[in-house]
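Welcome! Here is a short tour for anyone meeting this structure for the first time. Please take a look at the sequence and the model, and then read on.

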Amino acid sequence: MTHYLYDKHGVAVGFLRGRYIHDLHGNAIGQVRGTHVHRLAGSYVGELHLDMVVDKHLGSLGNIGHPGNPGNPGSPGSPPRRPAASHAFRDVFPELVR
């Protein structure tokens, strides 16, 4: 089963495959270490929280380096919608693709 990641509106914006985050086209855009989310190039972006990538105000956790491209697993199919998430943390998933 695919583990989708969502934005604050409940729209799927990516998915996890192993320790990598992919966009919905299968392009690798990030990497995960525990709950810490980094761009594919290695710089820290935010934390995994309730199937979202959010800013928990932890500061900068540094750069873990570029692991190489894990390849494109393809599109995961049609993701389900979920209710919008309202909480104190800012959605930072878009920063993975900047």
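Predicted model: local features only at pLDDT ≥ 70, side-chain atom pairs only at ≥ 80, totals over all residues.

**The chain as a whole**

- The C-alpha trace spans about 35 × 35 × 20 Å along its principal axes.
- Among the 98 residues of the chain, 39% count as buried.
- The chain has an accessible surface of about 5,300 Å², and carbon and sulfur atoms contribute 54% of that surface.
- If you take the contacts with a separation of 6 or more, 54% of them are between residues 24 or more positions apart.

**Strand 3 and its two partners**

- Strand 2, made of residues 12–17, runs antiparallel to strand 3, and four bridges join the two.
- Two residues lie between strand 2 and strand 3 in their hairpin, and in the turn Gly18 has a positive phi of about 65°.
- Strand 4, made of residues 28–33, is also antiparallel to strand 3, with three bridges joining this pair.
- The hairpin of strand 3 and strand 4 has four residues between the strands, and here Gly26 takes a positive phi near 95°.
- His22 is a handy landmark: it is the bridge partner of Phe15, and it stands opposite Ala28 in strand 4.

**Phe15, in strand 2**

- Is Phe15 buried or exposed? Phe15, a residue of strand 2, has a relative accessible area of 0%; the cut-off for buried is under 20%, so Phe15 counts as buried.
- Phe15 and Pro79 are 64 residues apart in sequence, while their C-alpha atoms are 9.3 Å apart in space.

**His36, in strand 5**

- His36 belongs to strand 5, which runs over residues 36–39.
- With a relative accessible area of 30%, His36 is partly exposed, because that label applies between the cut-offs of 20% and 50%.
- Which residues does His36 contact, leaving aside its neighbours within four places in sequence? They are Gln31, Tyr44, Gly46, Glu47 and Leu61.
- With Glu47, His36 makes a polar contact from side chain to side chain, at 2.6 Å.
- Leu61 is 25 residues from His36 along the chain, and 8.3 Å separates their C-alpha atoms.

**Asp55, in strand 7**

- Asp55 can be found in strand 7, which spans residues 52–55.
- A polar atom of the Asp55 side chain lies 2.8 Å from the backbone nitrogen of His57.
- Not counting residues up to four places away in sequence, Asp55 touches Phe89, Arg90 and Val92.

Note on methods: Residues numbered from 1 in each chain as written. Heavy atoms only, no water. Pairing = 2+ DSSP bridges. Polar contact = N/O pair within 3.5 Å; in protein donor to acceptor, adjacent residues only side chain to side chain. Contact = heavy atoms within 4.5 Å. Buried < 20%, exposed > 50% of the residue type's maximum accessible area, 1.4 Å probe, protein only. Areas by Shrake-Rupley, 256 points an atom, 1.4 Å probe, with all protein chains shown as cover.
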